[in-house]
Amino acid sequence: MDISSEMIHSLLPVFMVTVLGTSMWAVGLIEGAAEATALIVKVFSGVLSDFWGKRKPLAVLGYGLGAASKPLFALATTTGLVLAARLIDRVGKGLRGAPRDALVADLAPPGMRGAAFGLRQSLDTVGAFVGPLVAMGLMLLWANDFRAIFWVAMVPGFMAVALLLFGVQEPAPAQKALQHNPISKANLRRLSAPYWRVVAIGAVFTLARFSEAFLLLRALQVGLPVAYTPLVLIGMNLVYALGAYPFGKLSDAVSHTTLLAWGLVVLIAADVVLASSSHLTWVGAGITLWGLHMAMTQGLLATMVADTAPPDLRGTAFGFFNLMSGLAMLLASTVAGVLWDQLGAPATFAAGAAFSLAALALLWRWRGSRVQQ
């Protein structure tokens, strides 16, 4: 499914701007709404699977929606249909994420769960490489025929649904479904001040890190040929994949806030380079720094949520963290698009640097709390 999705997502912003004539404001709104939708739906899908005691039906529904959205991209002649397709795709992603991870945990032997989740993340990263590579190859082969490539992307999507539907057997639940509401007022009161500080930092952090669609469009703006735009996501994900484990291991030995602060410094550097560069080489350097900051911070923020939440409420804690991050992503990408339309690309990345400085200020203010453990 990742190969299918990335074949489309690596080309979609360029398709909207060059073929459909979409404004940068609309690109930002669509990308922000799509990613926010996925994060917000995750709040409810994991809770529902716990109550229901079943994982596979929700996972099949989520992957099915993702596959069903693919033909809409190929058929789209208006920005509205692209928005509908993106929202359907991201609702599917939100629905399947938590139940899929719970299903992996149910199926894997207890002593091999770390390896199982590591394999899942590795395959996710493979999709992030292979999808854009296939898209780029087909763009060169088929003279930039976006729609033909979108049709081809259907194939791995429906293969993923078939594999889950017919190849995965859900085990019997080890215990009964939950009998209480994890998002009751009493439980929410148990989420401590340090946890809400992490939520606040994560939301401001997300404001600084708008959709990667703007990286693709920045590279296109400074001269990258249309067929090669998938290289942006390939390069960023390569740096992300290579750095995620070493920085994750480093986070076990150093202060979390110190490492997060350095990640924000790298993001500021990326924004400055992307704002000030008019040459493709420097834009590539900015994209590399962007991938490095992702490697330094994305797993770390999740660790900080887990460390500051009660063990029996971690699912709910991640749900609210994702909710706030999703709303921040919607706002960030919309603002980024408006700034690009009105003031140009440099203003978009300068705003990202400003929000990064705001997140650094929050870290400095709360440096003595449990947030830095």
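Is the crossing of helix 12 and helix 14 left-handed or right-handed? Please keep in mind that this is a predicted model. The crossing of these two, helix 12 and helix 14, is right-handed. Helix 12 covers residues 230-251 and helix 14 covers residues 280-308, and the two pack at an angle of about 40° with axes 7 Å apart. On the helix 12 side, the contact uses V232, M236, V239, Y240, G243, A244, F247 and S251.

Next, helix 16, residues 345-365, starting with its packing against helix 13, residues 256-276. The angle between helix 13 and helix 16 is about 165°, and their axes are 8 Å apart. Helix 13 is therefore roughly antiparallel to helix 16. Their crossing is left-handed. From helix 13, the residues that meet helix 16 include L260, L264, I268 and D271. From helix 16, the partners include P346, F349, G352, A353, S356 and L360. By class, this contact has 16 nonpolar, three polar and one charged residues.

Helix 16 also packs against helix 10, residues 193-208, at an angle of about 165° and with the axes 7 Å apart. So helix 10, too, is roughly antiparallel to helix 16. Helix 10 passes helix 16 in a left-handed crossing. Helix 10 brings A200, I201, V204, F205, L207 and A208 to the contact, while helix 16 brings G352, F355, S356, A358, A359, L362 and L363. The classes here are eleven nonpolar, two polar and no charged residues.

Look at G352 for a moment. G352 of helix 16 is in the contact with helix 13, and G352 is in the contact with helix 10. S356 is likewise among the residues that meet helix 13 and among those in the contact with helix 10.

How many cavities of 30 Å³ or more does the structure hold? The structure holds one. About 40 Å³ of space lies in the largest cavity. Its lining consists of L207, F210, A332, V335, A336, L339, T348, A351, G352 and F355. Helix 15, residues 314-343, and helix 16 are the elements that give two or more residues to that lining. By class, the lining has eight nonpolar, two polar and no charged residues.

Two of the lining residues, G352 and F355, also belong to the helix 16 side of the contact with helix 10. L207, another lining residue, is on the helix 10 side of that contact.

Note on methods: Residues are numbered from 1 along each chain as its sequence is written. This is a predicted model: local features need pLDDT of at least 70, side-chain atom pairs count only at pLDDT 80 or more; totals for chains, interfaces and linings use all residues. Side-chain values use heavy atoms; hydrogens and water are left out. Axes are lines fitted to C-alpha atoms, for helices over the stretch in contact, and angles run from 0 to 180 degrees between N-to-C directions. Helices (H or I, at least four residues) and strands (E, at least two) are DSSP runs, numbered from the N terminus. Angles under 35 degrees count as roughly parallel, over 145 as roughly antiparallel, 65 to 115 as roughly perpendicular and the rest as oblique. A crossing is left-handed if the near helix is turned anticlockwise from the far one by less than a right angle, and right-handed if clockwise. Contact means heavy atoms within 4.5 Å. Ala, Val, Leu, Ile, Met, Phe, Trp, Tyr, Cys and Pro count as nonpolar, Asp, Glu, Lys and Arg as charged, and the others, Gly among them, as polar. On a 1 Å grid over the protein atoms alone, a cavity is a set of points where a 1.4 Å probe fits but cannot get out, and a pocket is an open set with protein on both sides within 12 Å along at least five of seven lines; lining residues have an atom within 4 Å of a point. Grid points are joined across faces, edges and corners, and a volume is the space filled by probe spheres set on the points.
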